[in-house]
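Please examine the sequence and the structure shown below before reading on.

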Amino acid sequence: MDLLLLLLVVLLAACCPAHGAWDGCGGSCGLRPMGFRYSKSRVVGGTDALPGAWPWVVSIEAPLEGGTAHICGGSLISPQWVLTSAQCFIEARYITALRVVAGATHLTQLGPEAQVRSIKRMLVHQHYSSVTQRNDIALLELDRPVQCNSYVQLACVPDASLRVSELTACYISGWGARTARAGGSAYVLQEAQVRLIDTRVCNSSGWYRGAIHSHNICAGYPQGGIDTCQGDSGGPLVCQDKSADYFWLVGVTSWGMGCARARKPGVYTSTQHFYDWILAQTGLRPAVTTTARPQPAFTSTPAQRPRPTPTAAGRLTPCPSPAQKLRDLLTRLPEFVRFLRGEKV
Ligand code: 4AZ
């Protein structure tokens, strides 16, 4: 068995020679390597997020009086692409002046975990309307890829086959205003749990009266109180998968009538709806599922429609995270032992 372990260590080392274990995103997404158990909390009505809690969230910042100011949120969907909202950039003429900060929770005290990138390319949806907020989605290509680690991970973008409305554990996060009135930005990333609200309800009288498009998702609470707000646009609405510990990026924070008001929940751009647009714009390919990965995994039983593969839309890097590697190895251990014994595998 010692020999076996030694062999496994050698195999691991051979996989990632340059930077050790933490240099790639490994084709995984939606995972929180810090292993959080979410404590129920309530951006308005939220609580401070712990470092690494939402490792795909980024702050998009503009220069301001010698420093920088947070303008919008975004989510890493590949090491070099950020998904965000179109409205963030209607006035941003000089993308070279903007920066993207990944791996941070405290914006005023960026720790050693933070990775700062410039923007090489900005792709705003060609049919974005600032009047109706239709197609409020944009992509940012970073000047160079981020390195995935405990604080920086990719979000999983669902394709049309994920039944988003069935997901119940959904969360918002952002550095936007913490109170509906005060404005400004939070310095510490805020998080809150929200419920998805049926689009028919959200479009009904007393609510948004027809302003919600088929490519929107409403999330929040009928009574208000907990919501995204100014400065949260572009950031993630994520929901935990029903049967695993990873999260789907189901929405991009878009708009709302005020913040945290009753029957005026947050309105999000459905990422599922724009899945093909994202692939077409970025040139990313849907990741191929490897057979050895225990979770997240593509599962299919005769009674069940196959669930979408929860892999980031990005190019796969050859090195999975250490936790992922350990899980992969443990799963493959029996197979490996059979191989060593000369049995058929
Ligand atoms: C904004 O301006 C914004 N209450 C984001 C979300 C909501 C309202 C405004 C939803 O960034």
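Strand 11 (residues 236-240) pairs with strand 12 in the antiparallel sense over five bridges; two strands are said to pair if DSSP finds at least two bridges between them. Strands (E, at least two residues) and helices (H or I, at least four residues) are DSSP runs, numbered from the N terminus. Six residues lie between strand 11 and strand 12, and the two strands form a hairpin. Within this pairing, L237 stands opposite G251 in strand 12.

Strand 12 is also joined to strand 13 (residues 266-270) by four bridges, and these two run antiparallel. Here G251 stands opposite S270 in strand 13. Because eight of the nine residues of strand 12 (residues 247-255) are buried, strand 12 is largely enclosed by the rest of the structure. Buried means under 20% relative accessible area, exposed over 50%, and partly exposed in between (1.4 Å probe, protein chains only).

## Basis of the Model and the Chain as a Whole

This is a predicted model, in which local features need pLDDT of at least 70 and side-chain atom pairs count only at pLDDT 80 or more, while totals for chains, interfaces and linings use all residues. Residues are numbered from 1 along each chain as its sequence is written, and side-chain values use heavy atoms, with hydrogens and water left out.

The protein chain contains four helices and 13 strands. Of its 345 residues, 53% count as buried. The protein chain exposes about 16,100 Å², of which carbon and sulfur atoms supply 54%; accessible areas come from the Shrake-Rupley method with a 1.4 Å probe, and for residues only the protein chains shown count as cover.

## Residue E141

E141 is found in strand 7 (residues 138-142). With a relative accessible area of 10%, E141 is buried. Not counting residues up to four places away in sequence, E141 touches Q80, W81, S118, I119, K120 and R121, where contact means heavy atoms within 4.5 Å.

## Surroundings of the Ligand

Of the 13 residues around the ligand, D227, T228, G231, S233 and G258 come nearest; a residue is near a molecule if one of its heavy atoms lies within 4 Å of it. A polar side-chain atom of D227 lies 2.7 Å from a nitrogen atom of the ligand. An N or O atom in the side chain of S233 is 2.4 Å from an oxygen atom of the ligand. Taken alone, the ligand exposes 300 Å², and the protein buries 87% of that.

How values were computed. Polar contact = N/O pair within 3.5 Å; in protein donor to acceptor, adjacent residues only side chain to side chain.
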